Amino acid sequence: MKFVDIAFVIPLKEEFDRLVSTFPVIRDHVDGTQFWVELDLGSSGFTSIAILQDSMGKAAATRATEMLLSRYDIGVIMLVGIAGGLSGDVAIGDVCFSGSIFDILENAKVSDTTKGKIKIEYNTLPFKTDSLLSFSLKYISLPNQMKSAFEDWQSDQYYSAASLVPGEFIGRKDKNEKISIPQIHEGSIVCGSVSKSDIYKSNISNLDRKLLAVETEAGGVFASAERRNVPAVAIRGICDYSDKNKNKLEEQTEGNTRWIAAANAVTFIHMQLSNPQLHRFLDARREAFNGIKEATDKAKALLELVPSALTLVRSEIHSQLAQLSPEYQGKPIGYRLPLPRVKYAASNATVSPKLKNFDPINVLEAITTHKTIFLTTPKSYPDNGLPWLVAAELSLIEIDDKQVMPVVIDGAAIKPPSGSLRKQPNVDIASLDEQGSCTLVFVIYNFDGASKSRSDYLRSQMDLYKTAHFVLIAKNLADLNENTTLMLSTAAEKFELCEISFSELSTFFKRTFNLEDQQAGVLTLRLQNMFKKFDLNAHPSYFAGLGNETLTSLLKANRRAELLQIAVGGFLSFVVAGDKDDVVLSRTTRETFLKKFVYNTVFLKERFDEPSLVNFVKNFAAEKDFDIDSILFIRNFQDKGILHFEGGFAKISLPFIESYLLAEELAGRPQDALRYFNVDDDDFDYPTFDVYCELNVSPEITERVVEKMTAALDRERGAKSEKHILLTNQLRPTYVDHPEKLKSLQTQLEKAVSDVVTNRGNSSEKQKILDIAEKVESEARQFHEHKPVDEESERAIKNSDDLEQLVRLWNVAIVLLGAGSEKLDRKPKRELSRLIVETSSLVIDRLLRAFPTTQFDDLKVHISSDDSIRALFSIQPDAPILDKQKELVAAIVDAYEFSLVGYPIRAVLEQLGNLASQPVLRSSVSSVSPEDPMENLIARIWAAEIDAAKEKNSLLKAINKLPPAQFLRISLSTYFMTRVFWNHWQPENRLALLDAAEESLKPLNQGIKKGEFQRMISKGKDRS
């Protein structure tokens, strides 16, 4: 069959006419009632056909799609037309494209109610548009070389629409509105009946919070496309709001809103034909059908260096994933696992949190829009495959119109003098960088950020690759110094790993476990709720090889160690099921072997190459008197992704298995546990210690932590006896003395965001303000990156061995207390709580005293220079610089400084709230009653993180006793508000923290909009 890149399915003639007036018809075809044409897509070089449905609706869409699929091999199917808007975010003329399609009437269930009425249960499992295709369409609106073309499209379509409908028309909720600048939206679209009923509209809107529009054809198109494994996307222009005023709207506008919607959808496609990301997607689809890469003009221009390097990189990625992820076993190159999303970390320094989008986003979007990101993963993230999964997706896209070349590097190998980035990978990095025909993206994991020499060396290496992007992946149990050092030295934006979306997980379970739609949906919902409760990631490889019964039993476990135990058992059951030996050993026997292997390799530091591992298995079999095939026994572990060889030596592939097995083994070996969990060790094993403390808390380890922590605290406290810096006015960022200016700037920026989003008047000018804010933050990070912390400040943190040891002990104590909360006795729990509080206060003081305040004076001079101002505002050399432009830049730098100075406070308090806020700890933490006002404040905040409602009065008293130190009180109010919005869900606890935020500001004669927040919390509204 003939291959075509794009097949358009068009429901209505008016939509079809708009398409063929944009793309000339080459020839037409007729088969019975089916009519379709071949189109000329211009210089893009892609081929296309378009079919006009023989009538409206899903059945006609199915007939049209099946006809095309029977005659052509198709790269992508695009359903194009008009639709009714559902979301309050969409306006007339906006263009929506699908991330998901909910075909609500397919397999819908109708039942009687007790009141004699009928109840309709809609189908809630969606069809999915390929995430790379969705990202490709969204790419034009991101900051890149396509942005200007996108803005031109918005302008052209706005003026065209405004000329057709110049006046007001009936809009939502009977209110008049006018044509606005068209926006694009990615999200969910409903295929169902088009109705004016508000009840019907409300019911279907509950399916998905990002539900954009309703139409009648997509279910048929997507069902046919899915059966043939052809990606599909619905692109719809909004012509009405699918409400009672639909007919009135068409009468008032003489039907022109339909024309506008169709025109915007078609011209949106026309613009996309210049989008390099869409080109990349379509090229990949063509390769999939042809089996070989067809040479395009762009590919011919490239030297063989990039294609051959990309082939090598993809092969290496596949090889690594095949070893590290059980789900990859036996899969072809290019097989894709669902990738977790990421979200912007709330602890980042920023002028105003509302400038940042805290919703989960595609990790590719984060990497594309930032030069360096610092990605933290949960401590129990199930496998080491994440860097390679990210690299696999990166190899499929472009950045700045250039093919991405992902380079995955083990950070442990990055060290002076010879461990450079260039020497790590198997590809010729130097030549690729020199040629400049690809965008290098270094994905670095396992990097020792606590080492100053290594951090400095990495920073110098990053400077060598000016156009490259960097992704640093680390566990979030890294100590406080490591986080601070990496954030400041690499100028990275911090992101946190999020869960995989509901629909992708449901599809995975449906495919892997051969479940029915409803079974997969229910299981996914229950698993997601459980994983949120226990702060674990539901990554598919976590469940590889588990059956329905095991998955169901997993839902009943209520602690992290028990969850890991069930998961380990599931993996080993998978090994048992695939064992071809005559003697098949049980799951528990294999677990006994693995515990012995982990004990020998991790604790005893033994190394096993393949021959020595075979001998190790033989000795184990001889001890148990088993007659087994040792090589086959090892191979079974390898085949299921539990063991692999790295550098010629055997390793456990999944960290959570290694941590659990080692913790369980050490729980029965108290003296070995005392040796292994050496609190003086720079490489202290936090993940294993966390699990160990849930299984068994050693009194000897607890005593050692308390003893050493007490000594280190006494030494460090005795070295410097100044009054806590937060209780003074020594920290005086500019906005401490002028809080009204900070509020004014944040209000200005937040209003600009709102105006731009809603297209209110002067939104283009408001967008310029936001762009300037982003540019200044970027300039500040780059300046800070190349202006290292002064020597005196470095010595204040790094040259103090006592402080380094104290910070490490502080982290160990928090994990010990949090994970061992139900194992520890009363006395050590209260002693640890007291020491943690005292250390927290001291650490904050020391870090703040080391803050390089003088750098911001240099930054102001640099960024306020005429050259810098002209660059930021794009001012011509002969044009004057306005005072208000200088004032805006200075204000943004001051706000950024204020946020960055507060980072140590946020980091310390978040560590307590996130790792040691189990309800059973409340009495222990509440018992800490120090006389020192700063220590008492930290103790009260910590107790409030556990139960704010019950600890409210004590917290308010502690705040009330503080001096009127402006920076401290403003920082506290900001912290409490952040926790209200992002970390607590119970209304009573959120209201208590809201009171704390208000109390913090009282002596400063400042306030918050408490009434507004109280109403929001009481009504249970979502966080804004």
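Q: At what angle do helix H33 and H39 pack?
A: In this predicted model, H33 (residues 826-849) and H39 pack at an angle of about 120 degrees, and their axes are 9 Å apart. Angles over 145 degrees count as roughly antiparallel and 65 to 115 as roughly perpendicular, so H33 is oblique to H39.

Q: Is that crossing left-handed or right-handed?
A: H33 passes H39 in a right-handed crossing.

Q: Which residues of H33 and H39 meet there?
A: From H33, Ser833, Ile836, Val837, Glu838, Ser840, Ser841 and Ile844; they meet Met934, Glu935, Ile938, Ala939 and Trp942 in H39. By class, that contact has seven nonpolar, three polar and two charged residues.

Q: OK, the core. How many residues are in the largest nonpolar one?
A: The largest nonpolar core has 116 residues, and Phe689, Leu726 and Phe976 have the most contacts inside it. Helix H39 (residues 933-960) supplies the largest share of this core, 13 residues.

Q: What does Phe976 touch?
A: Leaving out residues up to four places away in sequence, Phe976 touches Ile941, Leu955, Ile959, Leu993, Ala996, Ala997 and Ser1000.

Q: And what lies apart from that core?
A: Another core, of 95 residues, lies apart from the largest one; Trp153, Tyr344, Val404 and Met462 are among its residues.

Q: Switching to H1 and H8: how far apart are their axes?
A: The axes of H1 (residues 13-22) and H8 (residues 256-272) are 9 Å apart, at an angle of about 40 degrees. That makes H1 oblique to H8. H1 passes H8 in a right-handed crossing.

Q: Which residues are in that contact?
A: Glu14, Glu15, Arg18, Leu19 and Thr22 in H1 meet H8 residues including Trp259, Val266 and His270. The contact divides into five nonpolar, three polar and four charged residues.

Note on methods
Residues are numbered from 1 along each chain as its sequence is written. This is a predicted model: local features need pLDDT of at least 70, side-chain atom pairs count only at pLDDT 80 or more; totals for chains, interfaces and linings use all residues. Side-chain values use heavy atoms; hydrogens and water are left out. A nonpolar core is a set of buried Ala, Val, Leu, Ile, Met, Phe, Trp, Tyr and Cys residues joined through side-chain atoms within 4.5 Å. Buried means under 20% relative accessible area, exposed over 50%, partly exposed in between (1.4 Å probe, protein chains only). Helices (H or I, at least four residues) and strands (E, at least two) are DSSP runs, numbered from the N terminus. Contact means heavy atoms within 4.5 Å. Axes are lines fitted to C-alpha atoms, for helices over the stretch in contact, and angles run from 0 to 180 degrees between N-to-C directions. Angles under 35 degrees count as roughly parallel, over 145 as roughly antiparallel, 65 to 115 as roughly perpendicular and the rest as oblique. A crossing is left-handed if the near helix is turned anticlockwise from the far one by less than a right angle, and right-handed if clockwise. Ala, Val, Leu, Ile, Met, Phe, Trp, Tyr, Cys and Pro count as nonpolar, Asp, Glu, Lys and Arg as charged, and the others, Gly among them, as polar.
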